[in-house]
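Here's a quick briefing to read with the sequence and structure open beside you. Take a look at the fold, then work through the notes below.

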Amino acid sequence: MTLDALFGLDGRVAVVTGASGAIGSAIARGLGVAGARVALLARREEPLGAVARELADAGVDAAAWTADVSDADRLAAVRDEVVARWGSVDLLLNLAGGNVPAATLPDDASLFDLDLGAFREVVELNLTGAVVATAAFGPALAASPRDDRAIVNVSSMAALRAISRVGGYGAAKAGIESLTRWLAVELGRRRLPIRVNAVAPGFFVGDQNRALLLQQDGTPTERGRTIVEHTPLARLGEPADLVSTVVWLCSPGARFVTGVVVPVDGGFSAFSGV
């Protein structure tokens with residue numbers, strides 16, 4: 001048994017939603033390096049195109065489609081184009097998501113002043129978006145001739161432990177974990193060889209949370225310092241830290257792994273704070 005046989009993705013077609021973000025683009029690159037052909041999906045055309053060009057320059061067979069995970073018709077059209085281009089869909093990476101600024105409760109606000117529209121928006125983006133994408137690409141996954149296919153979702157530390165100010169985001173990610181287990185069980189019961197797992201990143205700096213975690217000079221904010229103090233490896237995460245775990249979950253090496261949520265968090269979820 002070789003490492004390529006265990007962890008290589010040669011010939012597989014991977015659909016990556018949220019591919020223009022820091023985490024999405026890093027994972028797309030990792031899948032490409034492992035041998036997959038990569039369909040890149042995101043709402044923002046310019047950064048999505050930059051990721052596609054970068055992958056192409058690295059020798060990865062990749063193509064980009066602008067799409068919103070709330071738009072079932074658009075996703076179905078992209079699915080048909082991906083299958084027409086490469087013949088199948090073998091892997092689905094539901095990476096689109098993130099918090100909505102208006103759904104972050106100010107420290108001095110009442111809990112009962114929560115913006116309900118923003119709460120719905122963050123749930124739609126993180127939870128419903130994954131459902132819509134899975135429903136859209138599911139028929140192609142089911143039709144793939146490969147005997148090992150995979151869906152990987154993205155959870156968060158906020159799903160397991162209450163994180164101040166971001167209740168809507170935490171609720172959505174808790175839903176992702178439940179959805180992951182449910183899909184894994186139902187697909188297994190129906191003898192469809194589609195495994196479903198999730199990763200739960202620790203605290204990674206991105207465009208949406210940068211102001212919460214870092215000051216303008218790059219030093220941690222009070223919130224950022226608190227997070228690092230509660231992370232045994234004593235740092236914030238980097239997008240590259242997630243890549244190997246996701247590639248493993250997509251690979252033959254994880255062929256008996258389904259229904260799990262893997263923390264990639266520097267030990268945050270293991271530490272009591274004492």
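Phe 7 counts as partly exposed, with a relative accessibility of 33%. Keep in mind that this is a predicted model. The notes start with that phenylalanine, then move on to a serine in a loop and a pair of packed helices.

**Phe 7**
- You'll find Phe 7 in helix H1, which covers residues 3-7.
- Ala 34 sits 27 residues away from Phe 7 along the chain, yet their C-alpha atoms are 7.5 Å apart.
- Leaving out residues up to four places away in sequence, Phe 7 touches Ala 34, Val 247, Trp 248, Ser 251 and Gly 253.

**Ser 156**
- Ser 156 is in the loop that runs between strand S5 (149-154) and helix H6 (157-160).
- Its relative accessible area is 9%, so Ser 156 is buried.
- A polar atom of the Ser 156 side chain lies 3.0 Å from the backbone nitrogen of Ala 158.

**Helices H4 and H5**
- H4 (residues 72-86) packs on H5 (residues 116-143) at an angle of about 30 degrees, and the axes are 9 Å apart.
- That angle makes H4 roughly parallel to H5.
- The two helices, H4 and H5, have a right-handed crossing.
- On the H4 side, Ala 72, Leu 75, Ala 76, Val 78, Arg 79 and Val 83 meet Val 132, Ala 133, Ala 136, Phe 137, Pro 139 and Ala 140 of H5.
- Sorted by class, the H4 contact with H5 has 11 nonpolar residues, one charged residue and no polar ones.

Methods
Residues numbered from 1 in each chain as written. Predicted model: local features only at pLDDT ≥ 70, side-chain atom pairs only at ≥ 80, totals over all residues. Heavy atoms only, no water. Axes fitted to C-alpha atoms, helices over the stretch in contact; angles between N-to-C directions. Helix = DSSP H or I, 4+ residues; strand = E, 2+ residues; numbered from the N terminus. Parallel < 35°, antiparallel > 145°, perpendicular 65-115°, else oblique. Left-handed = near helix turned anticlockwise from the far one by under 90°. Contact = heavy atoms within 4.5 Å. Nonpolar A, V, L, I, M, F, W, Y, C, P; charged D, E, K, R; others polar. Buried < 20%, exposed > 50% of the residue type's maximum accessible area, 1.4 Å probe, protein only. Polar contact = N/O pair within 3.5 Å; in protein donor to acceptor, adjacent residues only side chain to side chain.
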